[in-house]
Amino acid sequence: MNLIYWLVLIVLLLAAYYVWNALYGLPSDLPPGPSGWTRLPLIGSLLSTRADLHVQFQEWAKIYGPIFHVQMATKLFIVLSDAKLVKEAFSRDDFAGRPHTNINDYYTEDLKYGVLFSQGPAWKENRRFSLTCLRDFGMGRFTMEAKIMEEVTVLLDILEQEDRHSGFDVHNHLGVSVSAIISSLVFGKHFTHDDPYFVRFLDCMNRLAKAITPDASNFIPGISLLPNSNFRKFKTHYNELKTDFYEEEIAEHKARLDTENPRDFIDVYLTKMIELRKAGKHTTFSGWRRQVSLLHTNHIHQVFAVKKHRMWQRIVWWMKLYVQEELDRVIGRSRLPCLNDQASLLYTQATLLEVFRRSSVVPLGVFHAAVKETTLAGYRIPEGAIIGPNLWGIHHDPALWQNPNEFQPERFLDSDGNLMKPDTLLPFSTGLRACIGELLARQEAFLFFASVLQKFNLVPPEGGPVPEDSGLLSLVLAPKPYKMRAIVR
Ligand code: HEM
């Protein structure tokens with residue numbers, strides 16, 4: 001009796017599943033993707049996804065092709081694993097949206113504020129403003145180089161004083177250095193590495209960044225009720241950041257605002273808000289919200305994240321034989337590197353390109369959304385579908401890169417030693433929403449990397465572990481905490 005009961009129940013469940021699939025299953029003109037038992041009612045393929053989603057998407061691309069779909073709870077994902085397709089999609093207005101996810105909706109009040117996660121007129125207005133502002137404050141010019149070099153010098157001094165045997169925490173020092181640069185631009189303050197306010201601010205930023213994950217908590221409505229969900233953590237850290245730091249900074253800036261002489265990003269923003277309101281113009285500007293998006297920058301430490309033992313030896317060898325030899329030959333040791341040296345430091349530049357490829361700091365890009373029903377590669381893409389470019393997958397595609405898992409900067413040099421920049425290298429994404437901080441990030445990476453290697457040999461702590469290859473995936477793929485020794489050359 002019991003057995004019959006169970007058999008009937010299973011048959012009924014199967015029948016219910018097939019009826020559900022027939023009624024709500026995905027139409028056949030969508031890109032292919034996991035189906036059947038890997039796509040369950042309500043949760044879709046969430047149970048079949050792993051923490052290293054970028055690697056799993058690469059495996060699925062081998063089965064389903066360069067464009068495939070995945071159902072994540074109520075959200076339809078379209079994953080692109082081909083550089084040409086990413087370029088085509090991201091150059092089009094119909095793919096320039098951001099998806100309605102728990103985090104995006106909470107953070108932008110329904111995609112209405114800021115740059116990073118907003119869409120439509122708000123995004124356009126804020127993106128244009130941010131680009132102009134970054135340029136006015138010197139991005140790509142000498143003033144920005146001077147700001148970066150100020151922080152480089154501080155870092156070099158700190159590394160020299162660190163305990164040479166136990167090593168220094170790479171994430172900590174480098175993260176603080178690059179965050180100090182963008183923070184001086186936004187807040188108009190120069191923060192030191194041991195400033196308790198700045199340390200607390202960065203800790204909060206880091207906790208927030210870790211909570212921005214592509215997991216179930218971002219896609220299932222109502223999940224914030226669960227005490228330990230990432231979305232709930234995101235809300236807590238974001239509210240802390242907002243009340244303890246942004247609102248205070250904005251209030252302080254408002255109190256001493258001189259619209260004729262704006263000193264930093266917040267001043268320019270407030271001045272623009274006042275101007276627009278005086279002119280009676282409708283505006284999507286809203287003081288504090290957008291600042292966060294400009295601060296996701298402390299990932300340059302990837303530059304120094306090196307991997308597995310064999311690879312570690314190759315990297316040490318490469319740095320000595322090519323990068324440090326080139327730095328000594330072109331610059332010498334009596335002055336620090338500058339941006340003008342880039343053109344003559346081709347091995348150094350090739351090394352940085354290889355680091356951007358291998359580390360793929362933002363492995364799944366920042367998800368886009370289709371703002372209306374459209375087509376791509378002959379498939380139908382419904383309005384609201386989430387578009388995820390697998391940048392990590394593209395950077396590790398064996399059809400594009402020989403031995404993609406190896407560290408081989410020479411792949412970016414031709415037989416005459418000239419630098420090659422393949423258009424399949426997309427660490428900053430591409431198209432209408434490409435990273436607005438690319439130039440700043442590249443300049444920081446170059447100046448920090450060249451200056452540190454000019455002065456130090458970097459080796460693992462005595463008897464300590466070699467940094468691990470695998471990273472921790474949130475919005476970015478960050479290396480697990482690791483230490484290095486900086487030995488003056
Ligand atoms: C190694 C450093 C960095 C990497 C790898 C990186 C990568 C990216 C990627 C992949 C995107 C997504 C683009 C898309 O939606 O298709 C992005 C967007 C963005 N990045 Fe960066 N980024 C870096 C540093 C910076 C810096 C220094 C800033 C600020 C000055 C910045 C500001 C932004 C903003 C505001 C967006 C949103 C653009 C939009 O939605 O229109 N990023 N970045």
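Predicted model: local features only at pLDDT ≥ 70, side-chain atom pairs only at ≥ 80, totals over all residues.
Another one links Glu354 to Arg357, and here the closest N and O atoms sit 2.8 Å apart. Both residues belong to helix H12 (residues 346-359), and because they are 3 residues apart, about one helical turn separates them. Glu354 and Arg357 are both buried. Then there is Arg380, whose side chain meets that of Glu373 in a salt bridge of 3.0 Å, N to O. Glu373 has a relative accessible area of 46%, so it counts as partly exposed. Salt bridges can also link up through shared partners, and in this way Lys189, Glu249, Glu252 and Arg256 form one network.

Now for helix H3, which spans residues 83-90. Its buried residues are Ala83, Leu85, Val86, Ala89 and Phe90. Looking down the axis of H3, these buried residues fall within an arc of 160 degrees, which means they line one face of the helix. What covers them includes strands S1 (67-72), S2 (75-80), S4 (368-369), S5 (374-376) and S7 (386-389), along with helix H13 (391-395). At the start of H3, Asp82 gets involved as well: one of its side-chain oxygens comes to within 3.1 Å of the backbone nitrogen of Lys84.

Methods:
Residues numbered from 1 in each chain as written. Heavy atoms only, no water. Buried < 20%, exposed > 50% of the residue type's maximum accessible area, 1.4 Å probe, protein only. Helix = DSSP H or I, 4+ residues; strand = E, 2+ residues; numbered from the N terminus. Arc of directions from axis to C-beta. Contact = heavy atoms within 4.5 Å. Polar contact = N/O pair within 3.5 Å; in protein donor to acceptor, adjacent residues only side chain to side chain. Salt bridge = Lys/Arg side-chain N within 4 Å of Asp/Glu carboxyl O.
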